[in-house]
Amino acid sequence: MPSVCFYFEVHQPVRLKRFSVFNIGHDNNAFLTYFNHDLNREIFEKVAKKCYLPANQMLLDLINKYDGRFRVSFSLTGTFVECCEQFMPAVLDSFKELFRTGAVDLIEETYFHSLSSLYDELDEFEEQVIMHRHMIKKIFNYRPMVFRNTEAIYDNRIAKKIEEMGYKGIITEGTEKILGWRSPNYLYKPVNADIKVLLRNYTLSDDIGFRFSAQSWPGFPLTASKYAHWMSKCQGDLINVFIDYETFGEHQWTETGIFDFLKHLPEEVLKHKNLDFVTVSEAVNRYKSVGEIDVPWAISWADEARDVSTWLGNEMQITCFNELKDIGKKLKKLGDRELLYVWRLLQTSDHLYYISTKGAGDGDVHAYFNPYDFPYEGFINYMNIIQDLKEKITQQERETQLIS
Amino acid sequence: MKVAMIGWEYPPFKVGGLGTHCYGLTRSLADRGVSIDFYMPKTNRDSITSDKPNLVIKPVGETTVFPYDHPDDKALEGQFFEAVYKYNDLCVQKIQGDYDLIHCHDWLTMKAGVLLKEKMGVPLVVTVHSTEYDRSAWLFPNEWFINIEREGMEKADRIITVSHFTKRILVERYGINPDKIRVVHNAVYPIGEGEKQRIVLFLGRLTIQKGPEFFLKAAKKVLEKEDCRFVIAGDGDMLPRLINQAIKLGISNKVIFTGLLTEDEVKHIYRISSVYVMPSVSEPFGITALEAISAGTPTIVSKTTGVSEAFHNCLKVDFWDVDEMANKIIALLRYDPLRRTLANEAKREIKLFTWDRVADKTLSVYREVA
């Protein structure tokens, strides 16, 4: 009897201001000159109205209606929670209310939704995970058991670290690249660690996330009963449907019927005697791993390639990634808390995503999310900011040397 | 299919995109089995011949090719218009034969096209490479040209524009029915890469349309941050003013005015430049951008150009936004990864911009009417 595990990613980056070379070295306040707080507020308020608030309300109603038999999991990034606190505390309150039902689980990740898991050493990664842990503890008084890295980036090294940090499960993509002939509808064990791996069923996930409103798709129109029927025919222990929360009302507009779909889904799923809902922690507790997975090179759930080429696919991206990464040691030695925070905000993976030069199918998806018209614009802006940050660090180093 | 094409310039006698376009188009059309008689003004130098049996170059009359924009010299200007008139008259008198259609280019040949269509009773196709609004940079467009252009466009059975940017001008300013306009973006014969130097290049006629003064203003800002040379290649009525402007800005030691370059010199300067800037105020297409890109040179174009709608892997600015233009020039000079990624992606994209594609699209326009 397969269990259905719904998990939603909730994230907002802190978007950048236009920053020209002529801005380099001109202003002391990095936080105000780098980040476009007005644009962020505008986007956040829009998405809150279209997605977060109505979707949370609907989930709350459904959980109450089915008396906790409908269960879901969330990951909230640190940058998202900060947006809530700054722009609309009501959004965070609605997540707290959902959590209080007991039918909602929370997932750990890096606070900044960063690529720090790909750095040469994992100390920065660990610090960002602990920051997230503190935040969840403070807001929800909870300690997550399951970890999901930025966009499900995963390899053996990351799995080992997550085991060391005390988590029982980790989420990644159920791609053939690691599974071969095997099904994603089971738990697996990393080849080098004693934790469980939850694998995203990308077909069923993308049916909702990408194909829901595609009229050329044979599955169109997707109804809750059709979807529940598909799931009831699945073999395995666990069907992991992991999608971006903005699917509801933002990527798929209300007019597509996405909320009606969600509204009827629990009822249709529970009609099938062989199906029930679990949270990620429950899945990890209930089921055993059936085999090992060995992932020496990082995979993710992004783009067709299912690797890290989304963020590190061209020379511009690799340059920004490396320059930013290399600042870390100096910054930590300097001990300036504000610059350290700014540096971490710049690590949010979205900034690199905007610089992708991928064409064809992936390119269209990239264009949809991109505040820049062209990846080159994104690079120039991001790179100028990194240069300014480097100058600020050099200047501070000089000042500390003068004092000592 | 047999086509009488009425042109104005043809390489090696050319000053602009019209000549380049006619050369690439006629050769690729000939390869596709179309018979073309290409009519052009007689030059006082050696006559032009074609190595393709079904492409025949036919000089008409005794006029000499002039630059096809407004000449600066008033006396010359009178002679120029007279020459255009005379050429059109001669075309109408001399062109006869069993043609399936007439194809002419810009206002320079439109009168002849319209009269020949009536005389021979065959369809007329007109390609618009530039309008009076573009050439005047929208400042003082001359009704006299506009009327010639409008008549040609109205009488044409099909109009080819080199961009959607130009198509919009035809619809909005000339009141032309959009249903008979087809957009065919221009192409390029690749130039090939060379060893780069720290040169930022402007290449084009030095007229208000091409925006060279914005290039100089951006140069001033760039030089506050970076050391490099700026080359302004080309000739035109603004040359003395631009030299003065460079002196006033205090950057004359960093700006080189080359005057008009030969074809080989043009290729050389494209190859050795690190950045090409096309800051045109209003540019129907802008083949020079493709030429620079084909020489491996990262390119910045203004948003008011046809090439900016057609080509993805170049940087885009508003022609008046000299701060942003300078920002992008500096970024290209400073950030090697940007330069290399742009050059590599552009190299892939530019393979799509072939004259064979232009000929295919033009041929399908012919087939709509003939």
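## The largest cavity

In this predicted model, the largest cavity holds about 60 Å³ of space. A search of the whole structure finds 3 cavities of 30 Å³ or more.

Nine names make up the lining of the largest cavity: Val14(A), Phe31(A), His37(A), Asn40(A), Glu82(A), Cys83(A), Gln86(A), Phe87(A) and Tyr341(A). By type, the lining residues are 5 nonpolar, 3 polar and 1 charged. Two elements of chain A, helix H2 (37-65) and helix H3 (78-87), each give two or more residues to this lining. The largest share, 4 residues, is supplied by H3(A).

Chain A is divided into domain 1 (3-293) and domain 2 (309-403). Taken over C-alpha atoms, the centres of domain 1 and domain 2 of chain A are separated by 24 Å.

Where the two domains of chain A meet, 42 residues of domain 1 are in contact with 35 residues of domain 2. Together the domains bury about 3400 Å² between them, with 59% of this area on carbon and sulfur atoms. On the side of domain 1, Leu16(A), Tyr34(A) and Tyr119(A) supply 19% of the area buried against domain 2, more than any other three residues.

## The position of Gly257(A)

Gly257(A) sits in the loop between strand S8 (238-244) and helix H10 (258-271) of chain A. Is Gly257(A) buried or exposed? The relative accessible area of Gly257(A) is 18%, and buried means under 20%, so Gly257(A) is buried.

Ser213(A) is 44 residues from Gly257(A) along the chain, and the C-alpha atoms of the two residues are 8.6 Å apart.

Terms used:
Residues are numbered from 1 along each chain as its sequence is written. Chains are lettered from A and ligands numbered from 1 in the order in which they are written. This is a predicted model: local features need pLDDT of at least 70, side-chain atom pairs count only at pLDDT 80 or more; totals for chains, interfaces and linings use all residues. Side-chain values use heavy atoms; hydrogens and water are left out. Buried means under 20% relative accessible area, exposed over 50%, partly exposed in between (1.4 Å probe, protein chains only). On a 1 Å grid over the protein atoms alone, a cavity is a set of points where a 1.4 Å probe fits but cannot get out, and a pocket is an open set with protein on both sides within 12 Å along at least five of seven lines; lining residues have an atom within 4 Å of a point. Grid points are joined across faces, edges and corners, and a volume is the space filled by probe spheres set on the points. Ala, Val, Leu, Ile, Met, Phe, Trp, Tyr, Cys and Pro count as nonpolar, Asp, Glu, Lys and Arg as charged, and the others, Gly among them, as polar. Domain bounds come from an automatic or database domain assignment. Contact means heavy atoms within 4.5 Å. Buried area is the accessible area (1.4 Å probe) that two parts lose on being put together, summed over both.
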